[in-house]
Amino acid sequence: MHTVIIGAGGVGGYFGGKIANSGQKVTFIARGNHLEAIQKNGLQVHSIEGNFTTFPFLVTENISEVEKADMVLICTKSWQVKTASEIIKPILKDTTIVIPLQNGADNTEKVLSVLDKKYVLGGLCKIYSKIEAPGIISHFGHPPEIIFGELDKRKTERLQEVKHIFDKAGFNNRISDDIQVDIWTKFMFIATVSGLGGLTRATIGEMFENPELNHILKETANEMYHIALAREVALSQDIVNKIMVFIEKQPYDATASTQRDLMEGRPSELENFNGFIVREGKKLGIPTPTNTFIFSCLEPMERKARNQWI
């Protein structure tokens with residue numbers, strides 16, 4: 001089985017590195033100093049579960065050099081998903097499996113706008129990780145896990161093929177009974193802490209222990225819950241309370257990657273998180289005042305990071 005990783009950042013670097021380190025055939029599509037460092041020194045993973053260095057089958061920025069793939073993991077940022085889906089077209093076979101793993105509620109929809117549905121599984125991952133330096137991935141929190149499933153909830157043979165790859169790589173993974181529920185559950189957590197974290201510059205623990213910020217976190221998640229219901233996602237009635245419990249259990253000093261991007265002046269997933277909820281609310285006629293406030297306060301910073309000031 002040949003696995004191709006497009007996006008060798010914290011997510012793609014860690015999970016792709018684990019697959020490669022287990023002796024499986026892995027190609028990374030990367031760029032810049034990160035690409036050069038991996039080509040020269042291998043991919044180094046500094047992990048709370050044990051460090052390792054692996055030398056993948058191929059590391060390149062040129063899709064024309066890549067062999068046909070059995071599985072493609074799209075590990076870019078949310079706003080790059082459509083472009084990534086276009087890029088991988090030349091390496092797809094009839095049986096290739098494509099799984100988007102980034103944060104966001106509508107990534108599979110973005111992939112499906114470019115690729116035939118026969119290729120696509122829904123997916124998400126749970127991990128705190130980032131690029132520490134060119135060629136070096138830092139995994140600094142949460143037991144790594146990938147959750148994946150068919151968009152129509154079927155149990156198919158290809159799910160077992162994917163699970164075999166992940167099991168051999170040695171990280172937690174699970175076939176979902178309802179991948180949209182799992183995606184939205186993760187989305188509600190990450191989008192809730194990301195936007196308010198970007199606005200306050202506070203850690204997850206600091207936000208949770210502050211009564212006013214705790215209330216805003218809950219209202220943010222509650223608006224997302226009503227959007228999900230309108231989109232016919234079968235979330236449980238107590239999901240908001242479960243999200244708050246999950247937030248409470250996070251490391252006190254933890255921050256989300258989108259918050260870190262905002263604080264460091266890089267393009268972030270703001271548009272795909274709080275911005276997505278605001279747009280869906282307008283489309284569906286559902287008020288989203290808390291998400292609208294957070295998004296509106298952060299949007300000028302996001303535009304500046306993307307050089308969109310006129």
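Q: In which loop is Arg201 found?
A: Happy to start here, with a predicted model in which local features need pLDDT of at least 70, side-chain atom pairs count only at pLDDT 80 or more, and totals for chains, interfaces and linings use all residues. Residues are numbered from 1 along each chain as its sequence is written, and side-chain values use heavy atoms, with hydrogens and water left out. Helices (H or I, at least four residues) and strands (E, at least two) are DSSP runs, numbered from the N terminus. Arg201 sits in the loop between H6 and H7.

Q: Is Arg201 buried, partly exposed or exposed?
A: Buried means under 20% relative accessible area, exposed over 50%, and partly exposed in between (1.4 Å probe, protein chains only). Arg201 has a relative accessible area of 36%, so this residue is partly exposed.

Q: What is the phi of His142, and where is its place?
A: His142 has its place in strand S9, residues 136–149, and is partly exposed at a relative accessible area of 24%. Its phi has a positive value in a residue other than glycine, near 70 degrees.

Q: Which element has the lowest mean pLDDT?
A: pLDDT is the predictor's confidence in each residue, from 0 to 100. The protein averages 95, and 99% of the residues score at least 70. Strand S6 (residues 69–74) has the highest mean among the elements, 98, while the lowest, 89, belongs to helix H10 (residues 257–263).

Q: Why does Asp182 count as buried?
A: Asp182 lies in helix H6, residues 179–200. Leaving aside neighbours within four places in sequence, Asp182 is in contact (heavy atoms within 4.5 Å) with Leu124, Ile147, Arg174 and Ser176. Asp182 counts as buried because its relative accessible area is 16%.

Q: About how much space lies in the largest cavity?
A: On a 1 Å grid over the protein atoms alone, a cavity is a set of points where a 1.4 Å probe fits but cannot get out, and lining residues have an atom within 4 Å of a point. Grid points are joined across faces, edges and corners, and a volume is the space filled by probe spheres set on the points. The count is one cavity of 30 Å³ or more. The space in the largest cavity is about 80 Å³.

Q: Which element gives the most to the lining of the largest cavity?
A: The lining residues include Pro100, Asn103, Leu124, Ile183, Lys186 and Phe187. Helix H4 (107–112), strand S8 (122–133) and H6 are the elements that give two or more residues to this lining. The most, three residues, comes from H6.

Q: What distance separates the C-alpha atoms of Glu206 and Lys82?
A: Glu206 lies in helix H7 and counts as partly exposed at 34% relative accessibility. Glu206 and Lys82 are 124 residues apart along the chain, and their C-alpha atoms are separated by 35 Å.

How values were computed. 1 Å grid on protein atoms, 1.4 Å probe; cavity = no way out; pocket = protein on both sides within 12 Å on 5 of 7 lines; lining within 4 Å.
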